[in-house]
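Here is a short briefing to read alongside the model.

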Amino acid sequence: MERLNEEQIEEALARAEGWKRTEPKWIEKRFRFKGFMDGITFVNRIAKLSEEVDHHPFISIDYKVVTLRLSSWHAGGLTDLDFELTGKYNELYKEVQNTGE
């Protein structure tokens, strides 16, 4: 995958619901849950999807808040895959919120 240029990153960020750029090479989002175990369920689903696509976020678990950070090491910055995953991660969050697992 090729690294996105600034214009492409800004366009992709505008579509990435709730995600923000924290550094030139990183995007991040915080997900808040009703309970600790909901966050753990979310992290487990993120881990499974990340393994399937062989692209892994940095994950921080702070009680009921899970923070995901994304970048593409091999490309030296942000790629289409990072932004494709933002949508998938957002969907997983909605699923966990709706099922209350």
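**A covered strand and what surrounds it**

Strand E4 (residues 65-70) is mostly covered, with 6 of its 6 residues buried; buried means under 20% relative accessible area, exposed means over 50%, and partly exposed is in between (1.4 Å probe, protein chains only). This is a predicted model, in which local features need pLDDT of at least 70 and side-chain atom pairs count only at pLDDT 80 or more, while totals for chains, interfaces and linings use all residues. Residues are numbered from 1 along each chain as its sequence is written, and side-chain values use heavy atoms, leaving out hydrogens and water. Helices (H or I, at least four residues) and strands (E, at least two) are DSSP runs, numbered from the N terminus.

**Strand E4 and its partners**

- Both faces of E4 are covered: Val65, Thr67 and Arg69 are buried on one side, and Val66, Leu68 and Leu70 are buried on the other.
- Strand E2 (residues 26-32) runs antiparallel to E4 and is joined to it by 6 bridges; two strands pair if DSSP finds at least two bridges between them.
- Within that pairing, Leu70 of E4 stands opposite Ile27.
- Strand E3 (residues 58-62) also pairs with E4 in the antiparallel sense, over 5 bridges, and Arg69 in E4 is the bridge partner of Phe58.
- The hairpin of E3 and E4 has 2 residues between the strands, and Tyr63 there takes a positive phi near 55°.

**Helix H3**

- Helix H3 (residues 80-99) has 20 residues, which at 1.5 Å a residue should span 28 Å; its end C-alpha atoms are 29 Å apart, which agrees. The expected span of a helix is 1.5 Å times one less than its number of residues.
- Among the buried residues of H3 are Leu81, Phe83, Leu85, Tyr89, Leu92 and Val96.
- The buried residues of H3 pack against helix H1 (6-15), E2, helix H2 (36-53) and E4, where contact means heavy atoms within 4.5 Å.
- Thr86 is placed in helix H3 and counts as buried because its relative accessibility is 2%.
- Leaving aside residues up to four places away in sequence, Thr86 touches Ala16, Trp19, Ile27 and Leu70.

**Helix H2**

- The 18 residues of H2 should span 26 Å at 1.5 Å a residue, and its end C-alpha atoms are 26 Å apart, which agrees.
- The buried residues of H2 include Phe42, Val43, Ile46 and Leu49, as well as Asp38 and Ser50.
- E2, E3, E4 and H3 are what the buried residues of H2 pack against.
- Just after H2, Asp54 takes a positive phi of about 55°.

**On the surface**

- Phe36, Met37, Ile59, Ile61 and Tyr63 make a nonpolar surface patch of about 500 Å², and H2 and E3 each supply at least two of the patch residues.
- Met37 lies in helix H2 and counts as exposed because its relative accessibility is 52%.
- Patches are made of residues with over 30% relative accessible area and no salt bridge, joining like charges within 9 Å and nonpolar side chains (Val, Leu, Ile, Met, Phe, Trp, Tyr) within 5 Å. A salt bridge is a side-chain nitrogen of Lys or Arg within 4 Å of a carboxyl oxygen of Asp or Glu.
- Asn5, in the segment before H1, is partly exposed, with a relative accessible area of 40%.

Methods. Areas by Shrake-Rupley, 256 points an atom, 1.4 Å probe, with all protein chains shown as cover.
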